[in-house]
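Student: Could you walk me through this model? I'd like to know what stands behind each label you use.

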Amino acid sequence: MSHSLPKVLLVDDDTAMLRLLAKWLEAGGFDVRRAADGYQAMAMIEADCPAILVTDWEMPQFDGLDLCRWVRAQNLPNYVYTIFLTVRCGSQDIVRGLEAGADDFVKKPIDRDELLARMRSGTRVMELERRLCTAANTDTLTSLANRRTLFDQFSREWPRSVRHHVPLSCVMLDIDFFKKINDTYGHPVGDEVIRQVGAALTAGVRSSDTPARYGGEEFCVLMPETTEEQAVQWAERMRLRLGILRIATGEKELTISASFGVAQRLPDTASAEQLIDWADQALVVAKRSGRDRVVPYTALNQKLQLENTENDPAAILRGVPARTVMTTLVAPLRQDDTVGSASNYFLRFRINSAPVVDATGQLVGVLSEKDVMAIMLGRDWWSTKIKDVMKKNVVCYEEETPALAVYEFLCRVTIRGAVIVKQGRPTGVITRSSLLRYFMNALAVNRVGGVTHDLDAAEAALSSFAHADCPRKRISQTVRALADEISDLNQRMAGDSDDLIPCVVGGGSRIQELVNDLLAISRYANELRDRAGDDDRDPSPFGDPAPMQQGAAALLAAMQLAEQG
């Protein structure tokens with residue numbers, strides 16, 4: 001809204017009155033536009049929202065009262081101060097007008113001085129509203145939009161992007177080593193760094209973009225009608241622009257750098273929060289992989305291309321789907337359950353986090369011990385609903401995603417694990433621990449030296465018959481034996497037996513022996529293949545990944561059965 005020429009929309013079906021009122025208002029210093037009826041006024045308000053609306057009450061088809069109600073129902077960029085021109089002066093009419101959303105009335109016949117006085121009164125109100133909106137919607141240090149305004153803008157651009165199938169991208173950026181800047185040069189210099197970054201963003205974006213200070217030294221830029229590739233190009237230009245900034249620190253000049261994460265809305269992107277989370281994940285990778293760089297979110301989902309060189313440990317995960325490596329869920333948490341039940345769940349199964357599902361079984365969030373601890377000092381915290389505490393942004397992969405992609409992601413970011421889903425329903429988790437276990441078991445199956453020594457006895461005991469039967473058949477038999485052992489242990493624990501401890505110790509010992517048998521039997525898969533005359537085998541000590549994956553997969557299947565029990 002202009003301070004010297006406030007925008008006014010004048011609406012009246014009487015063309016002579018419209019010309020006269022426009023002449024008065026323009027002479028009074030207002031920027032006046034004219035509409036001949038309510039429908040034309042609606043189109044003009046949507047195209048360019050005015051500060052003040054002056055409308056006749058009595059108009060055909062769509063009168064001033066209807067127009068005022070419509071204005072109040074819209075999500076407009078600013079409040080529209082509305083003045084009715086009317087011959088209706090009765091108290092009931094005034095009440096109807098006020099309830100429709102009117103701010104003031106000018107009775108007919110219209111007095112020029114009274115009209116201008118009421119317009120100036122409305123201008124003062126709008127100026128106060130502008131100041132309050134500025135204070136509420138902008139960051140005081142940078143004059144950028146704040147987080148609330150950013151999400152308001154998302155709420156406008158998101159449905160437009162979905163409806164018209166136009167791209168929408170988000171860029172998260174973070175000033176590198178900002179804490180060190182504050183600690184070395186003091187907070188005034190840190191504030192100046194943030195101000196200059198904000199000024200660079202303001203100067204470097206289009207009028208349709210929304211740069212915002214997201215918090216601390218972190219910024220977010222909403223870029224409508226922009227693909228991820230285009231947003232990456234913009235981020236690279238901004239990265240170079242920030243690199244040449246010079247901030248005075250007394251006798252020296254300080255140079256800075258920033259890291260960027262970029263993400264684009266996809267057809268299945270659930271919300272603005274998820275899009276920002278994707279950009280933030282890419283930003284984390286940019287920070288963890290050296291800083292002063294731009295990382296697109298799509299790069300996190302690309303399969304890591306490693307050369308198939310000799311002694312390549314990546315052979316263990318190459319071609320393995322995530323469902324093979326994941327730890328199968330005992331049961332997910334439900335969003336309408338209480339935090340108290342989730343706490344017991346964590347203690348019972350000795351885990352520190354779990355996915356959360358809705359009533360249909362679809363993944364909606366994740367809850368961790370840290371989330372529970374954050375509310376533990378509150379009154380009746382145990383009765384709080386999980387959905388009120390859980391994190392809604394969940395890193396998840398489909399079951400068929402290459403495990404190597406999940407491994408790469410967990411190596412780059414601080415996130416401890418990812419949820420594995422099948423058609424939106426969580427089926428397992430892959431953590432650093434589950435990846436480490438899979439690696440170690442695969443190495444043990446392939447007799448890599450220095451990994452494990454407790455399989456020799458099991459291998460020696462099985463050597464008399466392992467060559468007589470197909471290893472696949474022996475693996476199948478052992479897995480069934482494991483399942484029977486676990487079922488028996490379940491039945492014993494469900495009973496009223498007094499010898500619970502011996503039962504658990506005995507069952508656990510037999511399960512451990514069967515697991516060792518599985519590893520030992522799996523070793524013969526490679527050996528029988530070698531005896532078949534496969535001279536073209538990989539000279540790598542990791543060997544052909546296929547039998548290795550079969551043995552490790554069978555082992556994990558048995559261990560997951562144990563976890564479910």
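**Salt bridges, sheet and cores**

Tutor: The structure holds 24 salt bridges. Bear in mind that this is a predicted model, where local features need pLDDT of at least 70 and side-chain atom pairs count only at pLDDT 80 or more, while totals for chains, interfaces and linings use all residues. Residues are numbered from 1 along each chain as its sequence is written, and side-chain values use heavy atoms, with hydrogens and water left out.

Student: Why is the contact of E127 and R131 called a salt bridge?

Tutor: The term asks for a side-chain nitrogen of Lys or Arg within 4 Å of a carboxyl oxygen of Asp or Glu. For E127 and R131 the N to O distance is 3.2 Å, so the pair qualifies. Both sit in helix 5 (residues 112–137), four residues apart, so about one helical turn separates them. Helices here are DSSP runs of H or I with at least four residues, strands are E runs of at least two, and both are numbered from the N terminus.

Student: What makes E127 buried or exposed? And R131?

Tutor: Buried means under 20% relative accessible area, exposed means over 50%, and partly exposed is in between (1.4 Å probe, protein chains only). E127 has 17%, so it is buried. R131 has 55%, so it is exposed.

Student: How do you know that D183 forms a salt bridge with K179?

Tutor: Their closest N and O atoms are 2.9 Å apart, so the pair meets the cut-off. D183 counts as exposed at 55%, and K179 does too at 62%. They are four residues apart in helix 7 (residues 178–185), about one helical turn.

Student: What are the labels for R206 and D209?

Tutor: R206 is partly exposed, with 39%, while D209 is buried, with 7%. These two form a salt bridge as well, with closest N and O atoms 2.6 Å apart. Elsewhere, E58, R88 and D93 are linked in a network of salt bridges.

Student: What is the strand order in the open sheet?

Tutor: The five strands run in the order 7-8-6-11-12, with mixed pairing.

Student: Why do strand 7 and strand 8 count as paired?

Tutor: Two strands pair if DSSP finds at least two bridges between them. Five bridges join strand 7 to strand 8 (residues 218–224), so they pass. The two run antiparallel, and P211 has V221 as its bridge partner in strand 8.

Student: What makes a nonpolar core?

Tutor: It's a set of buried Ala, Val, Leu, Ile, Met, Phe, Trp, Tyr and Cys residues joined through side-chain atoms within 4.5 Å. The largest one has 45 residues, and those with the most contacts inside it include L150, C170 and M172. Helix 10 (residues 272–288) supplies the largest share, nine residues. Apart from that core lies another, of 30 residues, among them I175 and V189.
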